Amino acid sequence: MAAVQIADVRKTFGTTHVIRGVDVDIEDGEFVILVGPSGCGKSTLLRMIAGLESITSGEIRIGNRVVNDVPPKDRDIAMVFQNYALYPHMNVADNMAFSLKLKNAPKSEIETRINRAATILGLTELLDRYPRQLSGGQRQRVAMGRAIVRDPQVFLFDEPLSNLDAKLRVSMRAEIKDLHQRLKTTTVYVTHDQIEAMTMAEKIVVMHDGIVEQIGAPLELYDHPANLFVACFIGSPSMNVLKGRVELGEFITAGGVRLPLEKTPPSALGKPAVYGVRPEHLKLSADGVPGKVLVIEPTGSETQVVVEVDGQPITCLLRERVAIQRGDTISVRADPALVHLFDAETGKRLTD
Amino acid sequence: MSLAKIFRKLGLVFAVFLIVSPALLFFIWMVSLSVKFEIDNGAYPPILIPEHFAWKNYTSVFESNNFLLYFKNSIIVTGAATLFGLIVGVPAGYGIARMNAQKSAIIIMIARMTPGLSFLIPLFLIFKGLDMLGTLWPQIIIHLVVTVPIVIWIMIGYFETTPIELEEAAMIDGANRWQIFMKVAMPIAKPGIVVSFILSVIFSWNNFVFGVVLASRETRTLPVAIYNMLSFEQVSWGPLAAAALIVTLPVLILTVAAQRQIVAGLTAGAVKGG
């Protein structure tokens, strides 16, 4: 196991800047998830840690070693690919043994390690099968088994669950998390799915356009997004945003709707800003802002209501079941203590 | 079945017969010729199935003309040319596919398209100067012009369809380039190797022009030997057809046996995952 340090790493393909100066510190044994929309550079960054992509500038350290010029095979890492990348001409046992055989490990050791990995992942019955005879979830497990037998310093996962169906994805999510808690190997995991990031990570790195937007624990990002991008990217359904300006004790939207604020950040006073509130922080309340109901989506445990406020659709997530219909007018109110304010130009957070 | 359906089916059968008949009738006539006596072969109107079968056409092929020697020559030339073709062509195809070296692929294609006669004469002089003409080497070497491009082009198609992630996984698993090629890329491309093997055998086995120029009496391959049967004696259709069939037979068996793989191999490059 080892810590991974990424210091001012950049990557250019010709004139395209894919990664534009990224710094991330990953502690020994930590489970870190790189998350962001497609094209944000997260997979490229992972492949740079793996050694599959060269580093244009900056430095990547695994343990105490700078690995910029170390070939993948000498980095002591294991990687799980999105499409599993199992060797189709080898059975499960041989797939897992491949790296050990290349290292000329003694037969008895190979066997012990394979059996251990197979037990951990519940693959003992499948050791003689070929990849084509396995289901998607089983293939994914074999791919993880191939990583485990090597007992590497770092596990790298490149969107490992995106080829699985929704139900299997949820159970594999729990399995990977459990695996990490048992093995305590440093893990870097790439996904575009923010729910995966929220549920699995100890630390999330939100990336966008080749830079890091914010690094932090899942709930920290949720409760204190550093900027508008993180605020909208993390959370489902995503945060409601309204443009307008800040006045003393209130926020006035472009359409003139007045929304109370708990504290007015002095620097924001009179400036154009963006008001953000999470759907679950909105409540039905007689003294709230009136709006016309556009959509009602009951899920059983909660009800999602889309209301038109100031000409914009605003999503409310209500815990209770409500007797309202499309076209009704209801009043919603945000808890002023849970409101976020962002700078309209830079997108930076204005509230503490 | 309605009448329209029956007509449609009959139409299809007729169309298929029309298209296939040149190849089929030619073949049937060859078989017929090979089992008839000369008198029947010259008869008019032509006889398809004779009253008396002339099996001796076949036995005489083996008895005369050093047929077994030529058979052996053909096997050595085709076998060696195919073997060298695979040894050179499979890694070359891999390299071209992985490095995306389309230009080199086209150059190889041009080598294949150049008419053989244009370089046969200079090569003849070179082989003469090297004093190699009495051996099978000139033919083996020149048959590489046939086998290497076939192998390379088929293998490019195969290696291009192998997912790159497999090789990246092997790279991370600790394999070097050579090990990736030997232990991952090549085993996966096995069907492609089989197809290129078969096609290169067929093309090399049937090659005629190179043999005519480069072979001496002892180093003839079968197609050349048959040609010589035509020129030395009067045209004796029976033995000629029998010899031609015997020459075709190994290739024919190979083709029928591997038909499915050949079709799969020829389309592999065209349709991803096809």
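This is a predicted model: local features need pLDDT of at least 70, side-chain atom pairs count only at pLDDT 80 or more; totals for chains, interfaces and linings use all residues.
Some ground rules come first. Residues are numbered from 1 along each chain as its sequence is written, while chains are lettered from A and ligands numbered from 1 in the order in which they are written. Local features need pLDDT of at least 70, side-chain atom pairs count only at pLDDT 80 or more, and totals for chains, interfaces and linings use all residues; side-chain values use heavy atoms, with hydrogens and water left out.

## Chain A as a whole

Chain A has eight helices and 19 strands. Here helices (H or I, at least four residues) and strands (E, at least two) are DSSP runs, numbered from the N terminus. Taken along the principal axes, the C-alpha atoms of chain A fill a box of roughly 75 × 45 × 35 Å. Of the 352 residues in chain A, 51% are buried. Buried means under 20% relative accessible area, exposed means over 50%, and partly exposed is in between (1.4 Å probe, protein chains only).

Contacts, meaning heavy atoms within 4.5 Å, show how the chain folds back on itself. Among contacts in chain A between residues at least 6 apart in sequence, 65% join residues at least 24 apart.

One piece of the fold is an open sheet of four strands in chain A, in the order β2-β1-β4-β5, with antiparallel pairing. Its edge strands, each pairing on one side only, are β2 (16-26) and β5 (65-66). Two strands pair if DSSP finds at least two bridges between them; strand β1 (residues 4-13) of chain A is joined to β2(A) by eight bridges. One example is A:R10, whose bridge partner in β2(A) is A:R20.

Elsewhere in chain A, A:F251 is found in strand β12 (residues 250-253). With 0% relative accessibility, A:F251 counts as buried. The C-alpha atoms of A:F251 and A:L341 are separated by 9.2 Å, although the two are 90 residues apart along the chain.

## Where chain A meets chain B

Chain A and chain B bury about 1,600 Å² between them, and 69% of that is on carbon and sulfur atoms. Buried area is the accessible area (1.4 Å probe) that two parts lose on being put together, summed over both. The contact takes 21 residues from chain A and 16 residues from chain B.

Two salt bridges cross this interface. On the chain A side, α1 (42-50), β6 and α2 (92-102) each supply at least two residues that touch chain B. By class, that side has 14 nonpolar, three polar and four charged residues. In this scheme Ala, Val, Leu, Ile, Met, Phe, Trp, Tyr, Cys and Pro count as nonpolar, Asp, Glu, Lys and Arg as charged, and the others, Gly among them, as polar.

A:A78 counts as buried because its relative accessibility is 3%. Leaving aside neighbours within four places in sequence, A:A78 has contacts that include A:R150, A:F155 and B:I172.

Helix α1(A) is mostly covered, with eight of its nine residues buried. Among them are A:L45, A:R47 and A:M48. After α1(A) comes A:G51, whose phi is positive, near 95°.

## Salt bridges

Side chains of opposite charge can pair when their charged atoms come close. Four of them are listed here.

| Pair | N to O distance |
|---|---|
| B:E168 and A:R47 | 2.7 Å |
| A:R141 and A:E175 | 2.8 Å |
| A:D178 and A:R182 | 3.4 Å |
| A:R150 and B:D173 | 3.6 Å |

The B:E168 and A:R47 pair crosses between chains, from helix α8 (residues 164-172) of chain B to helix α1 of chain A. Both B:E168 and A:R47 are buried.

A:R141 lies in helix α4 (residues 136-148) and A:E175 in helix α5 (residues 166-183) of chain A, so the pair ties together parts that are 34 residues apart in sequence. A:R141 counts as buried at 18% relative accessibility, whereas A:E175 counts as partly exposed at 28%.

A:D178 and A:R182 are four residues apart in helix α5 of chain A, so about one helical turn separates them. At 37% relative accessibility, A:D178 counts as partly exposed. Finally, salt bridges that share partners join A:K11, A:R47, A:E53 and B:E168 into one network.

Notes: A salt bridge is a side-chain nitrogen of Lys or Arg within 4 Å of a carboxyl oxygen of Asp or Glu.
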